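My entries follow in the order I made them.

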Amino acid sequence: MIQLARTMNEDTNKAEVGTLATGVVKTLEARIRCGELAAGRALPSERELSAEFQVSRGIIRSAMQELGNLGLVLQRKGHRPVVQHLSRLPASGARNLGVWLWPYSGHFAAASILKGIQATNLGPLTQVIVASGAGEDWNSILDSERDFLESMADDPATLGVIVWYLGGERNLPSLEKLQAKRVPIVFVDRMPPVGFDMDYVATNNAYSATQAVQHLVNLGHRKIGMISNIDPASSVAEREEGYCRGLLDNGIEVRDDYIQRATYDADESCSATLDALLGLPDPPTAIFCINDTLGLLVHDILGRKGYQVPDDISVVGFDGLLRWVPGGGYLTTMRQDFERMGRIAATLVHERATGKAGLLHRHYLLDAPISLGSSTGAPKQNRPSVEGGSQKLDSTT
């Protein structure tokens with residue numbers, strides 16, 4: 001038993017040493033590749049590096065061995081390691097930042113993220129390469145994401161990649177390929193796959209959804225439905241969680257029949273989903289929509305069905321897609337700061353690529369404050385029942 005415990009401790013210590021050494025390697029490699037540690041220059045002494053990274057000199061020696069194996073430094077007995085010339089980089093020194101966006105680069109959210117990225121100082125020689133899903137079906141879109149990620153992994157001038165990730169486990173090998181080549185990756189909007197620890201920037205979806213529900217409760221609503229979708233994205237799951245939490249925090253039961261999911265964000269699917277809510281014996285007086293695309297559709301369909309918003313039903317969205325409209329548009333919504341998301345993501349990539357990010361990966365969750373429109377108001381005191389979900393409410397009641 002003593003021998004077994006000793007062996008287990010030794011294995012644990014080796015794992016810890018390997019993890020710490022890898023962190024040192026990544027940081028020094030980034031400094032070498034960005035030119036902060038120029039070719040021909042000797043690295044700082046073991047004592048200096050040990051103090052900077054707060055690790056033992058043995059870990060520093062392990063890191064130096066790995067840097068030598070990577071061809072990044074030349075080690076000679078009795079001398080400090082010297083940075084090698086990087087033939088991997090093009091002579092021009094230009095660097096490429098890959099950006100994968102969804103659903104397409106001209107979409108408001110994606111375009112705002114890109115605007116934030118382009119507003120960030122990434123150096124005069126950095127080029128931004130933008131791509132988005134291509135193809136007529138979901139498999140083709142995921143294939144195009146895979147091809148883009150692998151092309152960035154194969155590009156010797158890649159500075160890093162910002163990705164609005166769709167591929168789940170299917171495209172995980174492409175992410176692992178980038179990781180193996182030590183390309184910094186920052187995820188936006190959606191969390192990295194489980195077990196894939198990387199920098200991440202998104203909205204605090206759960207809290208913001210809770211605030212949306214709280215707004216409706218403050219107006220007097222107790223019967224609050226939700227229209228979501230079938231997207232497996234972490235952002236959708238977090239907003240659904242926030243909706244439930246907002247109800248429970250106010251002592252309101254979470255009703256399964258008040259939660260409906262559209263199969264896609266289109267008129268026909270949304271209309272059928274809305275009918276399922278309106279056709280209930282005790283239908284909701286307010287609806288929280290998982291995004292503004294659904295929120296705007298719900299608002300429009302309600303009007304076509306003869307309902308008045310918000311006199312008959314209040315509607316809240318999530319995104320802030322109408323912010324360019326004077327006054328912010330008519331839809332009450334939780335307004336995401338996509339541009340700031342892009343700026344932070346670009347800064348994280350640059351810091352990671354230049355070795356200034358530290359060893360731990362960072363997750364940033366941004367506020368999405370409420371933007372009030374005309375789509376929410378107090379519920380009617382004596383709201384008449386609706387049969388079939390398509391009859392017009394008597395506005396004189």
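**Entry 1: strand β7 and its neighbours.** I began with strand β6 (residues 185-188), which runs parallel to β7 and is joined to it by three bridges. Strands are DSSP runs of E with at least two residues, helices are runs of H or I with at least four, and both are numbered from the N terminus. Two strands pair if DSSP finds at least two bridges between them. I noted V188 opposite V201 in β7. β7 also runs parallel to strand β13 (residues 363-366), with four bridges, and there V201 stands opposite Y364.

I noted the basis of the values here. This is a predicted model, in which local features need pLDDT of at least 70 and side-chain atom pairs count only at pLDDT 80 or more, while totals for chains, interfaces and linings use all residues. Residues are numbered from 1 along each chain as its sequence is written, and side-chain values use heavy atoms, with hydrogens and water left out.

Next I asked how many residues of β7 (residues 199-203) are buried. I found five of its five buried, where buried means under 20% relative accessible area, exposed over 50% and partly exposed in between (1.4 Å probe, protein chains only). D199, V201 and T203 lie on one side, Y200 and A202 on the other, and both faces are covered. In a regular strand the side chains alternate between the two faces of the sheet.

**Entry 2: helix α7.** Helix α7 (residues 205-218) has 14 residues and reaches 20 Å from first to last C-alpha, close to the expected 20 Å. The expected span is 1.5 Å times one less than the number of residues. Its buried residues include N205, S208, H215 and L216. Just after α7, I found G220 with a positive phi of about 110°.

**Entry 3: the six-stranded sheet.** I traced an open sheet of six strands in the order β9-β8-β10-β11-β12-β14, with mixed pairing. β9 (259-262) and β14 (370-371) each have a single partner strand, so one side of each has no neighbour in the sheet. Strands β11 (residues 314-319) and β12 (residues 332-335) run parallel with four bridges, and D319 has R335 in β12 as its bridge partner. Helix α10 (residues 292-304) packs on this sheet and touches β8 (224-229), β9, β10, β11 and β12. Contact means heavy atoms within 4.5 Å. The direction of α10 makes about 155° with that of β11; axes are lines fitted to C-alpha atoms, for helices over the stretch in contact, and angles run from 0 to 180 degrees between N-to-C directions.

**Entry 4: aromatic rings.** I found six aromatic pairs. Rings of Phe, Tyr and Trp (its six-membered ring) pair if their centres lie within 6.5 Å; planes under 30 degrees apart count as stacked, over 60 as edge-to-face and the rest as tilted. W102 and W138 have ring centres 5.4 Å apart and planes at 85°, so they are edge-to-face. W102 lies in the loop between β3 (95-101) and α4 (108-118) and W138 in helix α5 (residues 138-154), so the pair ties together parts 36 residues apart in sequence. W102 is buried at 18%, whereas W138 is partly exposed at 42%.

Y243 and F288 are stacked, at 6.4 Å centre to centre and 10° between the planes. Y243 is buried at 0% relative accessibility, and F288 is buried at 0%. I also noted a cluster of Y165, F187 and F196, linked by ring pairs.
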